[in-house]
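Hello,

Here is the structure I promised to pass on to you. Have a look at it first, and then read on for what turned up.

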Amino acid sequence: MSDRVLGVVMNGATGRMGYRQHLVRSVLAINEQGGVTLTDGGRVSLRPVLVGRGLGKLADIAERHGVADYTTDLDAALADPANEIYFDAQVTQARVPATLKAIARGKHVYTEKPTAETLADAVRLARAAEDAGVKNGVVQDKLFLPGLLKLRRLVDGGFFGRILSVRGEFGYWVFEGDWQPAQRPSWNYRAEDGGGIVLDMFPHWTYVLENLFGRVESVYAHVSTHIPERWDENGKAYAATADDAAYGVFELEGGIVAQINSSWAVRVNRDELVEFQVDGTHGSAVAGLRECRIQDRAGTPRPVWNPDQPATESFRDQWQRVPDNADFDNGFKTQWEMFVRHVLEDAPFPYSFAAGARGVQIAELGLRSHVEGRRLRVEGL
């Protein structure tokens, strides 16, 4: 295949994720390196077409980054046959109708997660893409974090023996918006606008758990709205109707138990904003965004519970750092390159809309588990 240019419609390009991670750090970064290299040695560059609701914001981004094409007219962008990929990073509520429109136009579709607010809509998207015969994919960026890539290496190498449990801690304090600006958009805290930490984070935990350890077989969750009032981008107070914290227990195949806390109302007392501890019969590991530390069976100390005596050594110092042993690229960019190869040469891409629907299913079950106060089994999709 000779060198070529691939048109990519990027809907939601003015949003935080659409702009930072997908436009600047992925699509434009790919072009700066000379494009995506295919198996035959050919190279493909990407021509972004920015789509959003505010023409002024789009024009500003386009001027700053030398992007020639931008519009508020999604239909016009989809009508151009040179635009072969549609990417959606809009708010979740807007994702399904826009993506269905792209599928109807025969575009290959790639979206942020979650693919939809409900399982019914997520399955509808997956079936529509399959029926239309278009390539489809969902962002699963956490799998490409250096810390989790090292954790994957440990799993594949049999380091843990029989894995017993996984414990995850994610979150940070998101300012309410009155005396300091919030670090996240206000719609995240309004259920009526598709907000909530369960819908945001449970799809992440689903693909992390199922790609590293095993399928989720049951879900139990307790969900809270700890901060009932917040202030939006204009300084106006609003009722926070969406959950801002979730405490989940996931039973995986093989008897592995995963417990993951997710919160936007927690102050960080850990090395990274997300950390997973994996305990097995032969060793344990703690993985974050970038680092991973291990303690093997032979090197495990012998703690003795004695509340009357102070600790005489640092438990953290008893762990060994896992070396990088590789160069880790931006995970969003890596997955973009994989999807482009999937579109152009049918390279493997397991992160399909069907996989995305699985994440929405777990989120939906988590919310239902809270309402019903019980553990719920996961039926196969």
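Let me start with a question: is Lys333 buried or exposed? Lys333 is buried, with a relative accessible area of 5%. Please keep in mind throughout that this is a predicted model.

Lys333 has a charged partner: its side chain meets that of Glu337 in a salt bridge, 3.5 Å from N to O. Both residues lie in helix 8, four residues apart, which is about one turn of the helix. Glu337 has a relative accessibility of 10%, so Glu337 counts as buried too, the cut-off being under 20%.

Salt bridges elsewhere

The structure holds 27 salt bridges. One of them joins Asp69 to Arg47, with the closest N and O atoms 3.1 Å apart. Asp69 belongs to strand 4 (residues 69–71) and Arg47 to strand 3 (residues 43–51), so this pair ties together parts that are 22 residues apart in sequence. Asp69 is partly exposed at 28% relative accessibility, and Arg47 is partly exposed at 24%.

Asp75 and Lys101 form another salt bridge, their closest N and O atoms being 3.3 Å apart. Here the link is between distant parts of the chain, with Asp75 in helix 3 (residues 74–79) and Lys101 in helix 4 (residues 92–104), 26 residues apart. Both ends are partly exposed: the relative accessible area is 38% for Asp75 and 37% for Lys101.

Back to helix 8 for a moment, where Glu337 and Lys333 both lie. Beyond that pair, there is also a network: Lys150, Glu291, Arg321 and Asp324 are joined by salt bridges that share partners.

Glu272 may interest you. It is found in the loop between strand 13 (257–263) and strand 14 (274–280). Glu272 is buried yet has no salt bridge. Setting aside neighbours within four places in sequence, Glu272 is in contact with Gly288, Leu289, Arg290 and Glu291. Glu291 is also one of the members of the network with Lys150, Arg321 and Asp324.

Aromatic rings

A search of the whole structure finds 15 aromatic pairs. Among them is the edge-to-face pair of Tyr110 and Trp336, at 5.1 Å centre to centre and with 90 degrees between the planes. Tyr110 lies in strand 6 (residues 108–111) and Trp336 in helix 8 (residues 331–345), so the pair ties together parts that are 226 residues apart in sequence. Tyr110 and Trp336 are both buried.

Phe159 and Phe160 form a pair as well: their ring centres are 5.2 Å apart and their planes are at 80 degrees, so this pair is edge-to-face. Phe159 is buried, as is Phe160.

Ring pairs also build a cluster, which links Phe87, Tyr110, Phe144, Trp336, Phe339, Phe349 and Tyr351.

The charged end of Arg190 sits over the ring of Tyr238, 4.9 Å from its centre. That of Arg267 sits over the ring of Trp173, at 3.9 Å from the ring centre.

Best wishes

Note on methods
Residues numbered from 1 in each chain as written. Predicted model: local features only at pLDDT ≥ 70, side-chain atom pairs only at ≥ 80, totals over all residues. Heavy atoms only, no water. Phe/Tyr/Trp six-rings, centres within 6.5 Å; stacked < 30°, edge-to-face > 60°. Helix = DSSP H or I, 4+ residues; strand = E, 2+ residues; numbered from the N terminus. Buried < 20%, exposed > 50% of the residue type's maximum accessible area, 1.4 Å probe, protein only. Lys NZ or Arg CZ within 6 Å of the ring centre and 35° of its normal. Lys, Arg positive; Asp, Glu negative; His and termini not counted. Salt bridge = Lys/Arg side-chain N within 4 Å of Asp/Glu carboxyl O. Contact = heavy atoms within 4.5 Å.
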